[in-house]
Amino acid sequence: MNAEEIIALSGLIDEKDKELIKKAYDFSLKAHEGQARKSGEPYFNHVYATVKMLAGLHMDAPTIAAGFLHDAIEDGVATEGTIKNEFGDEVLFLVSGVTKLGKVKYRGVERHIESLRKFLVATAQDIRVLIIKLADRLHNMQTLSYVREDKQKRIALETLEVYAPLADRLSIRSIARELEDLSFKYLEPEKYAETLALLKSKGKETTPTLEKFVKSIKKAFAENGITDFKTDYREKGIYSLYRKLKSHNNDIEKIYDILAVRIFVSTVTDCYKVLGIIHAMYRPLSGKIKDYIASPKLNGYQSLHTTVFTGDGAIIEVQIRTYQMHREAEYGIASHASYKKHGSHVVDNSETGWFAQFLPKIINYAKDDKKETPKWIKDLAESQKDIKTDLEKQEFVQDLKTDFFNERIFALTPKGEVIDLPVGATPIDFAYSIHSNVGDHTNGARVNGKMVSLDTVIHNGDIVEIITRESAKPSPKWLDIVKSNTAKRHINNTLEKQKKSRL
Ligand code: MN
């Protein structure tokens, strides 16, 4: 455990970057000194594990530094001022973003899922904040056994319904897969154990066949002049297998991709060559040949898939892609998210860069009618339709950031549920978006623990508590201080009813 290990993993070579990382390492080690995790381990172990993932994703130096500091404000071992002085605005921005995200909690209330995801994206603003949060969550899930049981379930549910889909939507499959499997383990321990056992026994059964297969194709590649390639086996995720089994009447014989052979080559031409060589040797299952290179999947995934008969009774799925496609599939948006020149690959430097790259994935996601596409994503996709030039794209992203991030705010109930409101909203708007009954009987409000008047403007991340009283009722004055149409409609309705009952 040392800064050098992190630097080596990150691949960063710039002296300034290395300095920043060393400084953040020393600072964090000292700041968390004497603190322990629930497991009894030093707290710094959690911080270090989180940073290790970020370095493994080849994030840039500010992100890695922010990873070291991600719990420093929350745990009160450092202030925003200290971080700003020691590490500058960029690192502070990332650290306070992660701190804000930490306040959000999801308790399985369906109507809050979308608000919560939006909140995460909006609060994050910079995709690097989300990536730090995902790494932090992944390590917390890896060590969840030390947490109280009722808390385990809540955290696992939140992870499965919010963080894993978010990682998936950002195409960081390597993180999404592990988050899914760990959540599944805590939410459905029995089904998890069953599926895992099935996976293991099927794996044992298939491995010799796969090895034989790989040996024979390697020989054929050599004979055909393909020398630059790698192969490995991909085992299906436990949760992903469980879901697939459910959609196939639990018939494991119908699932051919439990173990798949993966072949990586350096060019697209070689991908098709390799496919040709394999098909010349083994008969493919009809209808199972998928060209995701020519037509990428909705989340941007590219690969050739085929399923072949091995000739001795077995059926094997083969996935063929370039090294670059593989990196994208495993690390998704993280492979674009570092802003600076990074080793050999140069990445987008523009201010809107990360979001522009995020966009095609959102748009593609919205086009997928089979999924229940959230409305905000559909709206995004709709407004993107006529964009052709790069300038238009840039303007769109700018507008989008303004509309999407600046016209909505996200406040929290004391329990950490997210309430999505228009800018300028007041506690009355907040009350009505919880429930019309709460709105109608609002008598007072606390914002961040302090009593406030009902016309107080709520800000992003505020924790709002509504105080109700049975005898309280809406007044016509409320119509002037609310911003949301829902609140206006309810107030008008109730005022109308009051008038009628007085007649
Ligand atoms: Mn943490």
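How are the donor residues of the manganese ion spaced in sequence? The spacing is H-x23-H-D-x64-D. This is a predicted model.

**Metal site**

The manganese ion is coordinated by His46 (NE2), His70 (NE2), Asp71 (OD) and Asp136 (OD), at 2.1 to 2.2 Å. His46 belongs to helix H3 (residues 44–56), while His70 sits in the loop between helix H4 (61–68) and helix H5 (80–101), so the pair ties together parts that are 24 residues apart in sequence. Both His46 and His70 are buried.

**Strand S2**

Strand S2 covers residues 259–265. Seven of its seven residues are buried, so S2 is largely enclosed by the rest of the structure. In a regular strand, side chains alternate between the two faces of the sheet. Both faces of S2 are covered. Leu259, Val261, Ile263 and Val265 are buried on one side, and Ala260, Arg262 and Phe264 on the other.

S2 pairs with strands S1 and S5, as tabulated here.

| Partner of S2 | Sense | Bridges |
|---|---|---|
| S1 (residues 229–235) | antiparallel | seven bridges |
| S5 (residues 315–322) | parallel | six bridges |

Residue pairs can be named on each side. Asp232 stands opposite Arg262 in S2. Val265 stands opposite Thr322 in S5.

**Asp181**

Asp181 lies in helix H9 (residues 173–187). Is Asp181 buried or exposed? Its relative accessible area is 14%, under the 20% cut-off, so Asp181 counts as buried. Beyond its neighbours within four places in sequence, Asp181 contacts Tyr192, Gly237, Ile238 and Tyr239. Met141 is 40 residues from Asp181 in sequence, and their C-alpha atoms are 9.9 Å apart.

Methods
Residues are numbered from 1 along each chain as its sequence is written. This is a predicted model: local features need pLDDT of at least 70, side-chain atom pairs count only at pLDDT 80 or more; totals for chains, interfaces and linings use all residues. Side-chain values use heavy atoms; hydrogens and water are left out. Helices (H or I, at least four residues) and strands (E, at least two) are DSSP runs, numbered from the N terminus. Buried means under 20% relative accessible area, exposed over 50%, partly exposed in between (1.4 Å probe, protein chains only). Contact means heavy atoms within 4.5 Å. Donors are N, O and S atoms within 2.8 Å of the metal (3.2 Å for Na, K and Ca); water is not among the atoms, so sites may look incomplete. Two strands pair if DSSP finds at least two bridges between them.
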